[in-house]
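Thanks for coming. I have one structure to go through this morning, and I will keep to a few points.

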Amino acid sequence: MGFQMQPYRVQAMLKQGHKHLSGLDEAVLKNIDACKQLSVITRTSLGPNGMNKMVINHLDKLFVTNDAATIVNELEVQHPAAKILVLAGKAQQEEIGDGANLTISFAGELLQNAEELIRMGLHPSEIISGYSKAINKDGLVEEGSDKMDVRNEEQVISRIKSSVASKQFGQQDILCPLIADACIQVCPKNPANINVDNVRVAKLLGGGVAVFASGVDTSATEMKGTVLIHSAEQLENYAKTEEAKIEELINAVADSGAKVIVSGGAVREMALHFCERYKLMVLKINSKFELRRFCRTTGAVVILKLGQPNPDDLGYVDSVSVEEIGGVRVLSNIYAHLPVSIVKNEEGGNSVCTVLLRGSTDIILDDLERAVDDGAMCRDNHIVPGAAATEIELARKLKEFSLKETGLDQYAIAKFAESFEVVPKP
């Protein structure tokens, strides 16, 4: 008969199936490893050259973004230690408006260096003491840090540009003046009391162009068939069925948000009738080379047969018009580019300001909205040099400080300084 050991101490208080971890190898290092794995996920999205991540949440909604706050929020992290990093990133995002990725990546680097110190033989309490000394070191922030005039549009643009560029690199020159204008309009007499919720973001999906290569008509079958009609009633019902099918297809195109249909083939008169009913502009381009050039200009994807296009297949144009020059109709005034935002003050005063975003897909609009939110939430008017210059200077000062210490704390301070190098690392 085997002897079964009864649970004792902590195990006796926990329900059956629990898992109790203790000691350096089981508890401390495993917690550090969980936090490191989370920081590795977000680190490759750090900075203007950061890569986008594709995240599908529990509702099967797709997110394509390099915004760390969105990534860790949709990942639904369950590990207790890693959750602390998630909460730190959220706190940074809510308080400052940006820097969630830096917070998580820097914390992960601190823990990785702490793991090296633990394996060298230092106790966690000694590492905590060294890290605390590094944080509280006097003279790390330069005196007389530059401040900005929050009502000077040029100064505001220069301050928010790095934050917006980290989300929408290449679009910061378009977005920053709009965000700055909106923020200045809603800024109260005391800038510290600004309510960023007064900068409202409105998103409009559509304004797109659908390109069909085979023409605007119902698709024909590969086999020929014969339909025998014996009465006028059968003929009328056959025509109604065909008419309903074409209307269904045109309605599906209109529901996708498209405003312009470009056909590479024939446009049936019945289809043209329903395009007029649903307020769709129809253009016919017979040359496949011209059709290809049009798609490059608008960013559209050629669709083989008539039907409801996916949002990613739609192109985008600001304006399309047909002019007659010398007796020849010419397609002109096509202004196509990435989604452009405009600012509109709905109340006529300084209480609320709206930034209107228009794009062809929800993913683009969501990413633009996050960029606007980050730019609008830059509350502190102090600035520091960018491009990792500040982090390198902090690392240099702390390294010099660690050499002056005589106890075991000096190793922790040196590792704290080394952690700042996570920003300039490739």
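Start with M54, which sits in strand β1, residues 53–56. Keep in mind that this is a predicted model. Is M54 buried or exposed? With a relative accessibility of 65%, M54 is exposed, because the exposed class begins over 50%. On the surface, M54 forms a nonpolar patch together with I56 and L62. Taken together, these residues have about 330 Å² of accessible area.

Next, the cysteines. C176 has a relative accessibility of 0%, and C275 has a relative accessible area of 1%. Both values put these residues in the buried class, because buried means under 20%. How many disulfides are there? The count is 0, where a pair would need its cysteine sulfur atoms within 2.5 Å.

Now the second largest pocket. What is its volume? The figure is about 430 Å³. There are 21 residues in the lining of this pocket, and D67, T70, Q93, R370 and D373 are the closest to its centre. Which elements give two or more residues to the lining? They are the helices α3 (68–75), α4 (80–95) and α12 (362–376), along with strand β3 (199–205). The largest share comes from α12, with 6 residues.

In the second largest pocket, α12 gives the largest share of the lining. That is what I had.

Note on methods:
Residues are numbered from 1 along each chain as its sequence is written. This is a predicted model: local features need pLDDT of at least 70, side-chain atom pairs count only at pLDDT 80 or more; totals for chains, interfaces and linings use all residues. Side-chain values use heavy atoms; hydrogens and water are left out. Buried means under 20% relative accessible area, exposed over 50%, partly exposed in between (1.4 Å probe, protein chains only). Patches are made of residues with over 30% relative accessible area and no salt bridge: like charges are joined within 9 Å, nonpolar side chains (Val, Leu, Ile, Met, Phe, Trp, Tyr) within 5 Å. Accessible areas come from the Shrake-Rupley method with a 1.4 Å probe; for residues, only the protein chains shown count as cover. A salt bridge is a side-chain nitrogen of Lys or Arg within 4 Å of a carboxyl oxygen of Asp or Glu. Helices (H or I, at least four residues) and strands (E, at least two) are DSSP runs, numbered from the N terminus. On a 1 Å grid over the protein atoms alone, a cavity is a set of points where a 1.4 Å probe fits but cannot get out, and a pocket is an open set with protein on both sides within 12 Å along at least five of seven lines; lining residues have an atom within 4 Å of a point. Grid points are joined across faces, edges and corners, and a volume is the space filled by probe spheres set on the points.
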